[in-house]
Amino acid sequence: MQKLQGIAVSPGVAIGEAFVLDNEGFRIPHRFVARDAVDSELDRLARAFDETRAQTERHRDTVARELGAQYSAIFEAHLQMLSDPQLRAELDASIRERHYSPEYAVSRVLRRYAKVFQSLDNSFLAERSNDIVDIERRLLRELLGKPREEITNLTSPVLILAYNLTPSETAALDRKFVLGFATEIGGAAGHTAIVAEGMEIPAVVGIGPFLNEVSGGDLVIVDGNSGTIILQPDEETIARYRFEAEQDRTRHAKLEALRDLPSQTLDGTKIELMGNIEFPNEAPHCLERAVDGIGLYRTEFLYLGSEGVPDEDAHYQAYAEVVQAMQGRPVVIRTLDLGADKLVGRDPTPEDSSPLGLRSIRLSLRNVPLFKTQLRAILRAAALGDVRIMFPLISAVHEFRQAKMIVADVIDDLLESGLPFSRNVKLGMMVEVPSAVIMLDQFVDEVDFLSLGTNDLIQYTLAVDRGNKDVADLYSSSDPALLRLIDMTVKAAERKQTPVSLCGQMSGSTTYTMLLLGLGLRSLSVPPSAVYEIKRVVRSVTIEQCRAVAARALSMENARNIRNFLKEELKKVLPEMDDQR
Amino acid sequence: MGDAPVVTRTYVVKPANGLHLRPWSRFVKLAHQYKCRIEVVKESARSDGRSMLALLTLAAKCGDEISIEADGDDAEEAVTALIAMLEAYEDSDESA
C-alpha cells in the first residue's frame, strides 16, 4: 500500500479501477487474459515487437540519412532494448504464468525498469528512464492498434490518473464513468481545480511523479477530502473508504431532498442562490439543483484553449449554450479576467503574471478589438435570455465608464449589422479592489449591479499574492479587514438599492453563510456542488441570529478567532454539519 | 558450453560519462555474433551480456571495474573482441 499526498481540489472519495494516462495521454488497459488465450496473446506480443522493431529501424535509417549516424545511435540502442532476451523472457513469463495481458505486462515490466533507472544514483541513467517509457509507449501503440484512447469515450467507471488534465479535458470528462481523478502536476488555484469542483468529481492534483507506480486496472483510492491517493490499498483501507464513500452518498441523498424547498430563512427572508460556472456543460448541473441563475460565468476557458484567441462565433456558441440551458434565468457573464501572460501571441514578461499588472479589464480596455469581439457575442447571446455583463478588476470609476462606452459602440455596430441581439443588458462590476469599495458611493450611480469577488479582494486588501505559497498562511477569508469591506459594500449598495451578490470562494463555504446573511447579503453565487449545503444553512437560521453573529464578528480583530467563532455558531445551528471546504 | 574453460577479463571504465546507451548497444550487437554464454559482472551484480536493459542497470561509472565472463567454444574470441570494442569506444569522440 502506498499513500501519496497531493492538493485536495474537489471533495469526495472515489474507489475504482485506474485509467492511466501518461503525459502523452496514453491509456494502459485491462490486466488479465483468459487461460486459453495465452498462446494467441503471446503471438500478439511477438507481432508488436516485430512491428516496433521494424519502425525503429526505419527511424534509425531516416535519421542516419538526414542527420548523420551520431544521431541515429539512440535508435540503435532502442533496437537493442527491443531485442533484449531478458525483457522478452520476463514478458512471456508474465503472460504465460500470470495471465497478464500483453499491454499490462509491457507496461508493468518496462515501468519497473524505468523505476530502477530512476533510483540509480546517476543522473545520466535516470534520464534513460525516458527511453524506456518511449519504448513502452511504442509497444503499447502497436498492441492497442491506435495512438490514443479517448477519455471522452469511456464505457466503464474509472479513476483517471494523469500527468496533467487541461481544463477543457476535465470539462469533457463523462461524469457517468469518471469517478475521480488525480494528477501529477497542478495547483489549488488552477482552472482544472475549479472545473473539477464544478463537476463534483473528487480530485487531487500536484501529487508529483507517481504514474510509474500504477498500471491500468489497479484498484486505487482518490480521497478528495484529505488530498491523498492510495495505490495498492490493503483490505482494511478499502473497507474504511467504502464506508466513507457510502456515507458521502447518504449525505448527498439527504441534501438532494432540499432541491425543491425554497431558499429562505426561518423568518421567511428569500435568499437568492446562483451558480458559478466555467464551462457551458456545467449549466445543467446548476439547473439540476434549481439555482436562481448563473451568478458568475467565467469566460477564461475560451482564451486558454489551443486554438488561440477565440473568434466571435466561438464566444457566441458557448454563451448561447448556457443562456438556453438556463431557460430564462439570469446569466451573469464576466468578461476576460486574465493576465497578459495568458493571452496567446505574446511573450510573457515577469510583470505579466503580477496580480498588480496589466490584466482583466485593464487588458480589455487596451485591446479594444479583442474586447469588442467578446461583447458582441454576449449581446447577441442576450437575445436568447436574461444576460448581464460583469466587468472584473474595476479599480476606478472611469474604467467602468470606458467599458460602458465600448458596449454602446458595440450596440451601434450590431444595429448596423442587422444581427439579432439585445440592447437591454444590465452592466455590473466585480467589487474586488479595495479602491472600488472605498469609492463605492460614486460607483453605485453608474452600475446596475455589484458582485463581491472576495478571492481577489482578500489578495489586494492584505497584499498577499494568491499564487505565492510562501505567504499562503496570511490569506484568509475571515480577516477582519475583509469583513469590514464587505460591510461597507453592502451598506453603500443599500443606499441606492443596487443589487449586490457575493461570488468568491467564501460564498460556497457554510462557515461564512450566517456571517454573510448577517452583513446584509441576500444573494450568493456558489459552486454548483455547494448549493444544497448553503441552502441547508439558509433554511436553518433567522436573519436576527445572523445579524448577531455578524455584529460580533465585526467587533473581533483576529482572523483565526473569527473563523473559530463562525464555526462554533454554525455548529450551534447545525451540529452535524461538517464544512470540508 | 562444451569443455572450454570460462574466460574472464576485467575492464576499468574510462569514459567520463560511464557506460551508457551507445557503448552497451554496440556491446550487445557484438555479443550476438558469438555463441558462448556472456555475462558482465560488477561487484555483486551480474548481467546477461546480451541484455541491454540488464547491462544498463549495472550503472557502470567512470572508474568502476567490471569483468566480462564468457563460457563456450568461442569464449576467448568473444571476450577479446568485446574488450577491444570498449577500448575503441574510449578513444572515440562519442565517449566524451
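## Chain B: order of elements

Starting at the N terminus, the elements of chain B follow the order β-α-β-β-α-β-α. That makes three helices and four strands; helices (H or I, at least four residues) and strands (E, at least two) are DSSP runs, numbered from the N terminus. The structure is a predicted model, in which local features need pLDDT of at least 70, side-chain atom pairs count only at pLDDT 80 or more, and totals for chains, interfaces and linings use all residues. Residues are numbered from 1 along each chain as its sequence is written, while chains are lettered from A and ligands numbered from 1 in the order in which they are written.

Chain B has 96 residues, of which 38% count as buried. A residue is buried if 20 or more other C-beta atoms, placed from the backbone, lie within 10 Å of its own, exposed if 12 or fewer, and partly exposed in between. Among the contacts in chain B with a separation of 6 or more, 73% are between residues 24 or more positions apart; two residues are in contact if their C-beta atoms, placed from the backbone, lie within 7 Å.

## Confidence

The mean pLDDT of chain B is 88, and 92% of its residues reach 70 or more; pLDDT is the predictor's confidence in each residue, from 0 to 100. Within chain B, strand E2 (residues 37–42) has the highest confidence, at 95, and helix H1 (residues 21–31) the lowest, at a mean of 90. For the complex, the predictor gives an ipTM of 0.85 and a pTM of 0.65.

H1(B) packs with helix H3 (residues 75–91) of chain B at an angle of about 155°, their axes being 10 Å apart. Axes are lines fitted to C-alpha atoms, for helices over the stretch in contact, and angles run from 0 to 180 degrees between N-to-C directions. H1(B) and H3(B) are therefore roughly antiparallel to each other (angles under 35 degrees count as roughly parallel, over 145 as roughly antiparallel, 65 to 115 as roughly perpendicular and the rest as oblique). From H1(B), the contact uses Pro23(B), Arg26(B), Phe27(B), Leu30(B) and Ala31(B); from H3(B), it uses Ala78(B), Ala81(B), Leu82(B), Met85(B), Leu86(B) and Tyr89(B). Ten of these residues are nonpolar, no residue is polar and one is charged. In this division, Ala, Val, Leu, Ile, Met, Phe, Trp, Tyr, Cys and Pro count as nonpolar, Asp, Glu, Lys and Arg as charged, and the others, Gly among them, as polar.

Ala59(B) sits in the loop between helix H2 (52–56) and strand E4 (65–71) of chain B. Although Ala59(B) is not a glycine, its phi is positive, about 50°. With 22 other C-beta atoms within 10 Å, Ala59(B) is buried.

## The contact between the chains

Chain A gives 18 residues to the contact and chain B gives 18 residues. On the side of chain A, helix H2 (69–82), helix H3 (85–98), helix H4 (102–119) and helix H5 (123–144) each give two or more residues. H2(A) gives the most, with six residues. The side of chain A that touches chain B has twelve nonpolar, three polar and three charged residues.

Gln80(A) lies in helix H2 of chain A. It counts as buried, with 24 C-beta neighbours inside 10 Å. Neighbours within four places in sequence aside, Gln80(A) is in contact with Ser25(B), Val28(B), Lys29(B) and Met52(B). Gln80(A) and Arg53(A) are 27 residues apart in sequence, and their C-alpha atoms are 9.3 Å apart in space.

## Chain A

Chain A has 22 helices and 17 strands. Buried residues make up 46% of its 581 residues. Of the contacts in chain A with a separation of 6 or more, 70% are between residues 24 or more positions apart.

The axes of helix H13 (residues 368–381) and helix H14 (residues 397–417) of chain A come within 9 Å and cross at roughly 65°. H13(A) contributes Val368(A), Phe371(A), Lys372(A), Leu375(A), Arg376(A) and Leu379(A) to the contact, and H14(A) contributes Ile406(A), Val407(A), Val410(A), Ile411(A) and Leu414(A). Nine of the contact residues are nonpolar, none is polar and two are charged. Elsewhere in chain A, Ala290(A) has a positive phi near 55° and is placed in the loop between helix H9 (283–288) and strand E11 (294–297). Ala290(A) is partly exposed, with 17 other C-beta atoms within 10 Å.
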